[in-house]
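This report describes one protein model, moving from the whole chain to single residues. Please keep the sequence and the structure in view while reading.

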Amino acid sequence: MGMSGFRLDDEQRLDWLQLLRSEGIGPRTFRTLIGRYGTAAAVLQALPELGRRRGRPIRMASRAEAEREMAQAQRLGVRFVAPSEPDYPLTLRAIDTAPPLIGLRGNAALFARPMVSIVGSRNASAAGLKFTQRLARELGEAGFVVVSGLARGIDTSAHNASLATGTVAVLAGGHDRLYPAENASLLDEIVARGVVVSEMPMGWEPRGRDFPRRNRIVSGLSLGVVVVEAARRSGSLITARFALEQGREVFAVPGSPLDLRAEGTNDLIREGATLCASAEDVVRGLAPLVAKPPSGDLGLMDATRERADQDPLWDELDLDALDGEPLRPEGEIVLDMTADRPAGNYAASFNGGETARDDMGRVVGLLGATPVSVDDLVRASGLSIRSVQLVLFELELAGKLVRHGGNAVSLA
């Protein structure tokens, strides 16, 4: 039963908020439970029984808690939007962990324009900040909305330079818990002239795991991610990895081999990211996605995909263990996030026929202590170059891969 364009009424919105704030409910479980029970109200009625099956109660958010958060949000000018509603960004709908509700402040009309994210080091160099300002300004003049995470350094520079043309800030905490606090005046300007997005509860102080959650929204909103400066194992590289998984383009600004802040970006270029020396490189690289934006097909099919080497971003209920039979998100989903939307090239750009875990196992099985060329890995695995590069990138971030001359790799 498709419901594209369906607007929640006040009671339904409270149901959704109450369910989403309950224990063990993340994007995957929310979507799966709605698919099984039909409505959030029905899921809320079923949660006590699910808790009984697992041997201990599920802590449910109370109606009063949901009403209190809704009132706090309204006082701050935040409105909660569901994927079926017009103000929910189409690009974000397409990702496999699309938030069931996002809190918005500002001008949601910006979501109708093509978006590109600019991310990088908090401890940015003067040259990096200067380049970011020029890049963000020129991309804005070319018609793009600039997305970033409101962090110190590159993020702050990107937002400031794109205030006049359109910028989106994604928060790691609640709308009323800004981090870093020094960006309060910038946040106010973005609310007045751009858009601020958060999936986190009102009053939520950001913690370590919340930043990768935010990063997957930054990339999910965008057709492409530009990394300006990033050390190895930096959070900006997590954003780049999410972008690859979401079928988006990744651009990297080269830097001096002597600068630790350029190691991550130089690695990205070596691994296949598009070199970015000007706004024109980004405009040209994103032209195919601007013409055919990402579709929502993968978001429905692949909601359960998890990377083999990353801790989960949510503590979600094990529904299969509770139910005795698989609850599949590709069953009858009440929220049809793909209807009435043009088909894009997203599915074609991502190897949706194999899970990330399958790809990881296949590539790792071909690797050993002896260096092997990436081209040979692609041929031997039967996977696409994009899928192999994604696995190698994840292995390298985990410290399990060694790179050699001649584009060869081995296990560490």
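## The chain as a whole

The protein chain contains 18 helices and 12 strands. These elements are DSSP runs numbered from the N terminus, where a helix (H or I) has at least four residues and a strand (E) at least two. The model is predicted, so local features need pLDDT of at least 70 and side-chain atom pairs count only at pLDDT 80 or more, while totals for chains, interfaces and linings use all residues. Residues are numbered from 1 along each chain as its sequence is written, and side-chain values use heavy atoms, with hydrogens and water left out.

Of the 412 residues in the protein chain, 55% are buried. Here buried means under 20% relative accessible area, exposed means over 50%, and partly exposed lies in between, with a 1.4 Å probe and protein chains only. The accessible surface of the protein chain is about 16800 Å², and carbon and sulfur atoms account for 51% of this surface. Such areas come from the Shrake-Rupley method with a 1.4 Å probe; for residues, only the protein chains shown count as cover. Among contacts (heavy atoms within 4.5 Å) between residues at least 6 apart in sequence, 75% join residues at least 24 apart.

## The sheet of nine strands

Nine strands form an open sheet in the order E1-E2-E6-E5-E4-E3-E7-E8-E9, with mixed pairing. Strand E1 (79–81) and strand E9 (274–275) stand at the edges; each has a single partner strand, so one side of each is left without a neighbour in the sheet. Two strands are said to pair if DSSP finds at least two bridges between them. Strands of a sheet pair through backbone hydrogen bonds, either parallel or antiparallel.

## Strand E7 and its neighbours

Strand E7 covers residues 224–227. Strand E3 (residues 115–119) runs parallel to E7 and is joined to E7 by four bridges. Across this pairing, Val116 has Gly224 as its bridge partner, and Ser117 stands opposite Val225. E7 also pairs in the parallel sense with strand E8 (residues 249–252), again over four bridges, and there Gly224 stands opposite Glu249. From E7 the chain crosses through helix H10 (residues 235–245) to E8, in a β-α-β crossover that is right-handed. Right-handed means that, with the strands pointing away from the viewer, the path from the first strand over the helix to the second runs clockwise.

In a regular strand the side chains alternate between the two faces of the sheet. Both faces of E7 are covered: Gly224 and Val226 on one side, and Val225 and Val227 on the other, are all buried.

## Loops around helix H10

Arg233 is found in the loop between E7 and H10. Although Arg233 is not a glycine, its phi is positive, at about 65 degrees. Arg233 counts as exposed because its relative accessibility is 58%.

Gln246 lies in the loop between H10 and E8. With a relative accessible area of 4%, Gln246 is buried. The C-alpha atoms of Gln246 and Ser219 are separated by 7.9 Å, and the two residues are 27 apart along the chain.

## Helix H3 and its bend

Helix H3 (residues 40–54) has 15 residues and reaches 20 Å from its first C-alpha to its last, close to the 21 Å expected at 1.5 Å a residue. The expected span is 1.5 Å times one less than the number of residues. H3 bends by about 35 degrees at Ala46, and Pro48 follows within four residues. The bend is the angle between axes fitted to the seven residues ending at a residue and the seven starting there.

Pro48 counts as partly exposed because its relative accessibility is 49%. The buried residues of H3 include Val43, Leu44, Leu47 and Leu50. An α-helix has 3.6 residues a turn, so residues three or four places apart point the same way. After H3 comes Gly55, whose phi is positive, near 95 degrees.

## Strands E10, E11 and E12

Strand E12 (residues 408–411) pairs in the antiparallel sense with strand E10 (residues 372–373) over two bridges, and Val372 stands opposite Val409. Strand E11 (residues 401–404) and E12 are also antiparallel, with four bridges; here Leu401 has Leu411 as its bridge partner. The hairpin of E11 and E12 has three residues between the strands, and Gly406 takes a positive phi near 70 degrees.
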